[in-house]
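Hi,

Here is the model I promised to pass on.

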Amino acid sequence: MPVPAMPKSWRVDNKPHKFCPGCGHGLVLKCLGKAIDELEIQSRVVYGCDIGCSLLSWDLFNLDTVQTHHGRTTPVMAGMKRARPELICIAYMGDGGGYSIGVQHLVGAAMRNEKITVIVANNTQYAMTGGQMAPTTLPGQKTETSPYGRDAETTGLPFQGAEMIAAIAPEGAYVARGSVSHLAQLTRFLKKALRNQIDGHGFSFVEALSACPTNWRTDAAGTWEFVEKDMAEHFKRGEIKIPEKREAAADA
Ligand SMILES: Cc1ncc(C[n+]2csc(CCOP(=O)(O)OP(=O)(O)O)c2C)c(N)n1
Ligand code: SF4
């Protein structure tokens with residue numbers, strides 16, 4: 001059987017990736033690699049990964065890469081872009097890094113319309129540290145720190161990160177939410193986000209609904225059902241904000 005083509009921007013020469021079997025990070029990053037290949041920007045990209053399972057991608061790509069402190073990838077990439085505007089700067093992180101520990105950086109970068117691309121892989125909990133409750137944890141979801149299920153009455157509903165960014169980012173920003181259950185659409189969103197940066201419109205942001213079978217303690221069918229049914233009920237896929245001049249190209 002022919003081996004499926006790997007993105008050129010992936011380093012497949014030396015070793016396999018380090019994610020658990022069934023992890024969503026590898027799928028999101030494969031889509032990102034494909035988007036980079038299709039835009040032919042490999043030599044201009046600097047890839048930044050956070051603390052969390054995203055850091056397991058520090059040597060995944062054949063790209064200049066920087067690995068930062070937890071939640072700090074957004075300001076590191078914003079600084080790099082300001083110093084070297086010709087670079088395409090990508091910040092990749094989990095929902096803990098993006099929506100909790102680093103949320104102040106994300107809010108600041110979006111409001112300032114920094115010309116970088118931020119990608120948040122939302123797997124509804126802090127995965128690398130063993131599966132604690134995060135702002136994105138679903139009502140009733142059991143985690144290490146919500147063993148009886150998240151109580152939405154006392155801890156609130158899952159944080160709508162992409163909608164928040166769309167509300168605060170100025171004209172020129174691009175915001176979308178995709179999913180590892182819809183890879184072609186996710187690749188299109190990533191490509192449009194990168195295109196927004198290349199064209200100099202402003203901030204671009206993609207949330208990707210991701211999977212963590214290890215901490216969810218799900219088998220393959222259960223993992224898929226959690227992403228496609230449970231997460232999809234709370235997090236809507238689609239483009240949430242696109243620059244005015246590109247509205248005709250909206251992709252729901
Ligand atoms: C400032 C800081 N606080 C806490 C930690 C401990 N820590 C390391 S990874 C992690 C969880 C990461 O979760 P997330 O960002 O959602 O990424 P995931 O592992 O789920 O992909 C935490 C809390 C840290 N390294 N630095
Ligand atoms: S713990 Fe979860 S997010 Fe981390 S590599 Fe394993 S499956 Fe992926």
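By class, how many nonpolar, polar and charged residues does the shell around ligand 2 have? The shell around ligand 2 has 7 nonpolar, 4 polar and no charged residues (Ala, Val, Leu, Ile, Met, Phe, Trp, Tyr, Cys and Pro count as nonpolar, Asp, Glu, Lys and Arg as charged, and the others, Gly among them, as polar). Among the residues around ligand 2 are F19, C20, H25, C53 and N123, where a residue counts if one of its heavy atoms lies within 4 Å of the molecule. Helix α8 (residues 213-216) provides the largest share of that shell, 3 residues.

Some housekeeping: this is a predicted model, with local features needing pLDDT of at least 70 and side-chain atom pairs counting only at pLDDT 80 or more, while totals for chains, interfaces and linings use all residues. Residues are numbered from 1 along each chain as its sequence is written, chains are lettered from A and ligands numbered from 1 in the order in which they are written, and side-chain values use heavy atoms, leaving out hydrogens and water.

Now for ligand 1. Its shell holds 16 residues, with H25, C53, G96, G97 and A127 the closest. They split into 6 nonpolar, 9 polar and 1 charged. Helix α3 gives the most, 4 residues; α3 (95-101) and β5 (125-126) each supply at least two.

On polar contacts (N or O pairs within 3.5 Å), an oxygen atom of ligand 1 lies 2.8 Å from a side-chain N or O atom of H25. Another entry is C53, with a polar backbone atom 2.9 Å from an oxygen atom of the ligand. For H70, a polar side-chain atom is 3.1 Å from an oxygen atom of ligand 1. Taken alone, ligand 1 exposes 590 Å², and the protein buries 73% of that (Shrake-Rupley, 1.4 Å probe).

As for the fold, the protein chain has 9 helices and 9 strands (DSSP runs: H or I of at least four residues, E of at least two).

Cheers

Terms used
Polar contact = N/O pair within 3.5 Å; in protein donor to acceptor, adjacent residues only side chain to side chain.
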